[in-house]
Amino acid sequence: MRRDLDIMPSPAADRPGLLIRDPMRYSDAVVILPWALAPCLEFFDGEHSALDLRAELVRIAGHLDTTQLCDQLHAALRDSAFLDDETFAQRKQERERRFAEAPVRTAAQAGGGYPDELNALRETMNGYLDASDSPTQANDVMAIAAPHVSPFGGWQSYRAAYRMLPRRARERTFIILGTSHYGEPEKFGLTRKPFETPLGRTQIDLPMIDRLASRAASGVTVEDYCHSVEHSIEFQVLFLQWLYGPDIRIVPILCGAFVQSIYGRGMPEDDEGVARVLGELGEIAAAESERVAWVLGVDMAHIGRRYGDRVSARANEGHLAEVASRDAARNEQIAAGNASGFWDLVQQNRDDLRWCGSAPIYTFLKAVPQARGQVHRYEQWNIDEASVVTFAGISFTAA
């Protein structure tokens with residue numbers, strides 16, 4: 001079995017079991033495996049044989065005639081490209097080729113995270129950000145951090161962040177630092193493709209992207225396929241387009257997790273590639289301070305059964321009070337512009353809070369050390385009945 005698959009309880013009441021899907025969209029298939037067959041997934045690890053699988057099916061079924069069931073299970077996983085085999089390799093190569101050759105990055109979340117029909121989308125976005133929430137007259141905010149959870153779950157924190165952007169930002173290039181959920185650690189994913197949503201198509205600041213690609217080559221992946229499926233930037237594009245028009249100019253950057261630093265200590269920039277990207281972004285920030293604005297797509301803690309915890313989590317209840325306190329301590333370091341202090345807290349217990357946004361935040365704090373932040377709204381949200389995601393809206397000004 002591929003290790004990058006989403007495997008979770010089926011949400012369909014009439015089809016209980018384990019739901020298996022591909023977040024990378026190399027495959028569009030969705031397989032729901034009955035609970036009785038769930039233990040069989042352990043036998044698709046590259047170490048067990050077909051005979052081992054059949055023996056397990058005999059145990060489950062209580063009879064010897066399991067050949068057909070074994071073949072059907074294998075075929076369902078193989079044909080869905082869920083196995084790490086030739087079928088998957090061919091599908092992966094084809095999808096990545098198609099993305100590399102595509103002229104635009106099409107909307108991946110339309111019809112899921114937000115409506116894909118224009119009138120419905122306008123009504124929805126107006127509910128999130130109406131006329132009274134338009135950008136401020138103030139001109140001192142040069143960056144915001146907003147969630148990347150589905151907007152219907154975090155819209156109030158999105159609003160708290162986006163209403164702080166100044167009106168004059170319309171003419172700026174938005175450097176969007178998104179969390180890369182699927183990308184290579186210690187790498188920054190770039191694309192030269194404009195983003196397209198039902199609201200329209202963005203512009204791309206090609207000179208800035210080309211500069212990063214050439215001067216920080218060891219730290220970046222150009223035309224990173226992760227852009228084709230990643231939501232952490234797409235949701236920010238949607239809100240920016242709603243505020244400033246569809247043809248905003250952007251530099252979309254996916255920030256891979258700084259795994260070496262979290263698990264091996266040291267600082268993220270101890271990696272040469274990371275250091276090069278941070279250095280280039282710092283030079284851009286210093287030289288282009290009047291021309292760029294920064295948008296960070298970040299969530300914070302991930303607690304509960306969906307994320308591997310043995311106990312259920314309820315927003316603002318029980319041990320989530322401690323999570324809120326620890327989140328606040330990190331946010332204090334962010335507000336103070338203290339990159340090293342923030343990272344010290346992330347490294348504690350190997351980031352047991354599972355902050356899904358620590359890399360973009362650290363990247364920004366290192367690139368713009370004069371930034372000072374203000375948290376406008378902190379929330380805890382039950383993404384399902386047993387799991388909680390935390391997030392906030394934050395604005396930044398120069399010290």
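**Entry 1: charge network**

I looked up linked charges and found Arg211, Arg215, Glu280 and Glu283 joined in a network of salt bridges. I took a salt bridge as a side-chain nitrogen of Lys or Arg within 4 Å of a carboxyl oxygen of Asp or Glu. Side chains of opposite charge can pair when their charged atoms come close. Searching the whole structure, I get 28 salt bridges.

I note that the model is predicted, that local features need pLDDT of at least 70 and side-chain atom pairs pLDDT 80 or more, while totals for chains, interfaces and linings use all residues. Residues are numbered from 1 along each chain as its sequence is written, and side-chain values use heavy atoms, with hydrogens and water left out.

I checked Asp22 and found it in a salt bridge with Arg2, with 3.0 Å between the closest N and O atoms. Asp22 sits in the loop between strand 2 (18–21) and strand 3 (30–33) and Arg2 in the segment before strand 1 (6–9), so the pair ties together parts 20 residues apart in sequence. Helices (H or I, at least four residues) and strands (E, at least two) are DSSP runs, numbered from the N terminus. For burial I used relative accessible area: buried is under 20%, exposed is over 50%, and partly exposed is in between (1.4 Å probe, protein chains only). Asp22 is buried at 5%, and Arg2 is buried at 6%.

Next I took Lys193, whose side chain meets that of Glu223 in a salt bridge at 3.7 Å, N to O. Lys193 is in the loop between strand 6 (188–190) and strand 7 (196–197), and Glu223 is in the loop between strand 10 (220–222) and helix 7 (231–244), so this pair ties together parts 30 residues apart in sequence. I find both Lys193 and Glu223 buried.

Asp309 lies in the loop between strand 13 (302–304) and helix 10 (320–335) and Arg354 in the loop between helix 11 (339–347) and helix 12 (358–367), so the parts tied together are 45 residues apart in sequence. Asp309 is partly exposed at 21% relative accessibility, and Arg354 is partly exposed at 28%.

**Entry 2: backbone angles**

Most residues other than glycine have a negative phi, and most peptide bonds are trans. I place Glu186 in the loop between strand 5 (173–179) and strand 6. Glu186 counts as buried at 7% relative accessibility.

**Entry 3: two residues and their surroundings**

I defined contact as heavy atoms within 4.5 Å. Phe43 is in the loop between strand 3 and helix 1 (50–61) and counts as buried at 16% relative accessibility. Leaving aside neighbours within four places in sequence, I find Phe43 in contact with His48, Asp52, Leu53 and Glu56. From Phe43 to Leu53 I get 5.9 Å, C-alpha to C-alpha, with the two 10 residues apart in sequence.

Gln236 belongs to helix 7 and is buried, at 0% relative accessibility. Not counting residues up to four places away in sequence, Gln236 touches Ala146, Pro147, His148, Tyr158, Tyr162, Ile176, Val295, Leu296 and Gly297.

**Entry 4: the whole chain**

I count 12 helices and 15 strands in the protein chain. Its radius of gyration is 22 Å, close to the 21 Å that the globule rule gives for 399 residues, so the chain is as compact as a globular protein of that length. The radius is taken over C-alpha atoms, and the rule is 2.2 Å times the number of residues to the power 0.38. The C-alpha trace spans about 75 × 50 × 50 Å along its principal axes.

Of the 399 residues, 51% count as buried. I also looked at contacts between residues at least 6 apart in sequence, and 74% of these join residues at least 24 apart. The chain exposes about 17600 Å², with carbon and sulfur atoms supplying 48% of it. Accessible areas come from the Shrake-Rupley method with a 1.4 Å probe; for residues, only the protein chains shown count as cover.

Last, I went back to charge: the chain has 42 positive and 56 negative side chains, and the centres of the two sets lie 3 Å apart. Lys and Arg count as positive and Asp and Glu as negative, with His and the chain ends not counted. I placed each charge at NZ of Lys, CZ of Arg, CG of Asp or CD of Glu.
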